[in-house]
Amino acid sequence: MGLVVLITILFFTLPLLSLLLRITPDEFIAAILKPEVQSAIYLSLLTAAASTVVIVLIGTPLAYLNARVSYRGRDFVETLLDLPIVLPPSVAGLALLVLFGRRGLIGAYLNDVGIAIIFTTFAVVLAQVFVAGPLYIRQAKTAFAMVDQVYESASRTLGASPLITFVKVTIPLAWTGLVSGVILAFARAIGEFGATIMVAGNLPGKTQTMPLAIYGLMQSDLTASIALSLVLISISCIILITIRLLAGRSA
């Protein structure tokens, strides 16, 4: 059993360790200071932050509704919301392209009034929201469902409006779960590749996020590609540690 555990651990850690051993600290710093690398890092952080804000704004009310109200068709709605989680990224990207492309279902009308979405920074955010939003909604729904409604009823009895109760009672009680959902959504958004490259392309300084830059630089500048990979690994480690700390605090 110990041998099986050791082999499994090595299988999942050696590929990541090989990246770390393949580059020296000086090479890493030199690669990070390159303009195209810094541009990819900046664009990834910017778009992931923007998409996370959008996800929280549109996903929180929906998650609360699904956690509190038993309406007809709720299971079907939740299935549709979960679908992007299991869809192959290429399918998600193609679906967005067919919808928002110049001849798409919505994109054709937007193109007539001079609004272009495909191959823009907005398309990056759009793809990230599509693939990362369901993760936050699922986590937020679970967090709201775990809140004892006795506290909400007490707040309403004392004269608080539904909005005040939601802001001052429900959200603070569900805060740990909501923050975990935000972190998960941000992590999924910053690592998005398949859907992004289909609807936004791989344009340096405009749509080239870190995953796309890793793919683009892999042939021409392997050192820069490895450096960006290590940056993403570091972000992922920080995210996982933060979620574990929040889970421990909640417990």
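What share of the residues in the protein is buried? Buried residues, meaning those under 20% relative accessible area with a 1.4 Å probe and protein chains only, make up 37% of the 251 residues.

Before you click further, two ground rules. This is a predicted model, where local features need pLDDT of at least 70 and side-chain atom pairs count only at pLDDT 80 or more, while totals for chains, interfaces and linings use all residues. Residues are numbered from 1 along each chain as its sequence is written, and side-chain values use heavy atoms, with hydrogens and water left out.

**Whole chain.** Colour by secondary structure and you'll find 13 helices and zero strands; here a helix is a DSSP run of H or I with at least four residues, a strand is a run of E with at least two, and numbering goes from the N terminus. The C-alpha trace spans about 65 × 60 × 35 Å along its principal axes. Now show contacts, meaning heavy atoms within 4.5 Å. Of those with a separation of 6 or more, 72% are between residues 24 or more positions apart.

**Select 89–100.** That's helix α5, twelve residues reaching 16 Å from first C-alpha to last. This is close to the 16 Å expected at 1.5 Å a residue, where the expected span is 1.5 Å times one less than the number of residues. Show side chains for Ala92, Gly93, Leu96 and Phe100, the buried residues of α5. They sit on the same side of the helix because they cover an arc of only 95° around the axis, taken from the directions from the helix axis to the C-beta atoms. What do they pack against? Bring up α6 (107–112), α7 (121–145) and α11 (194–199), and you have the partners.

**Select Thr196.** Is Thr196 buried or exposed? It counts as buried because its relative accessibility is 0%. Leaving aside neighbours within four places in sequence, Thr196 is in contact with Val124, Ala127, Gly201 and Leu212.

**Select Leu203.** You're now in the loop between α11 and α12 (210–217). Leu203 counts as partly exposed, at 35% relative accessibility; that class lies between the buried cut-off and exposed, which is over 50%. Not counting residues up to four places away in sequence, Leu203 touches Phe119 and Gln208. For a last stop, draw a distance from the C-alpha of Leu203 to that of Arg103: the two residues are 100 apart along the chain, and those atoms are separated by 21 Å.
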